[in-house]
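Colleague: I have a few questions on this model. Please keep the answers brief.

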Amino acid sequence: MLLEKNELLKIHGGGINTGIILGISAGIVFLIGVIDGFIRPLACR
């Protein structure tokens, strides 16, 4: 069964929004780690 052109235009994907949210979250976690490393540096064991 083939989809008509009108049906194809109604399809919406959600992968891009999820990727943007994950990228922003990863950036925030990275910045928190960098700031934490400057504020209270821990010596290597």
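Predicted model: local features only at pLDDT ≥ 70, side-chain atom pairs only at ≥ 80, totals over all residues.

**Surface and contacts**

Modeller: Residues are numbered from 1 along each chain as its sequence is written, and side-chain values use heavy atoms, with hydrogens and water left out.

Colleague: What share of the 45 residues is buried?

Modeller: Buried means under 20% relative accessible area, exposed over 50%, partly exposed in between (1.4 Å probe, protein chains only). The C-alpha atoms fill a box of roughly 65 × 20 × 5 Å along the principal axes. Of the 45 residues, the buried share is 0%.

Colleague: Is phenylalanine 30 buried or exposed?

Modeller: Phenylalanine 30 sits in helix H2, residues 15-39. Helices are DSSP runs (H or I, at least four residues), numbered from the N terminus. Its relative accessibility is 58%, so phenylalanine 30 counts as exposed.

Colleague: Which residue forms a salt bridge with arginine 40?

Modeller: A salt bridge is a side-chain nitrogen of Lys or Arg within 4 Å of a carboxyl oxygen of Asp or Glu. The structure holds one. Its closest N and O atoms are 2.8 Å apart, and the partner of arginine 40 is aspartate 36.

Key
Helix = DSSP H or I, 4+ residues; strand = E, 2+ residues; numbered from the N terminus.
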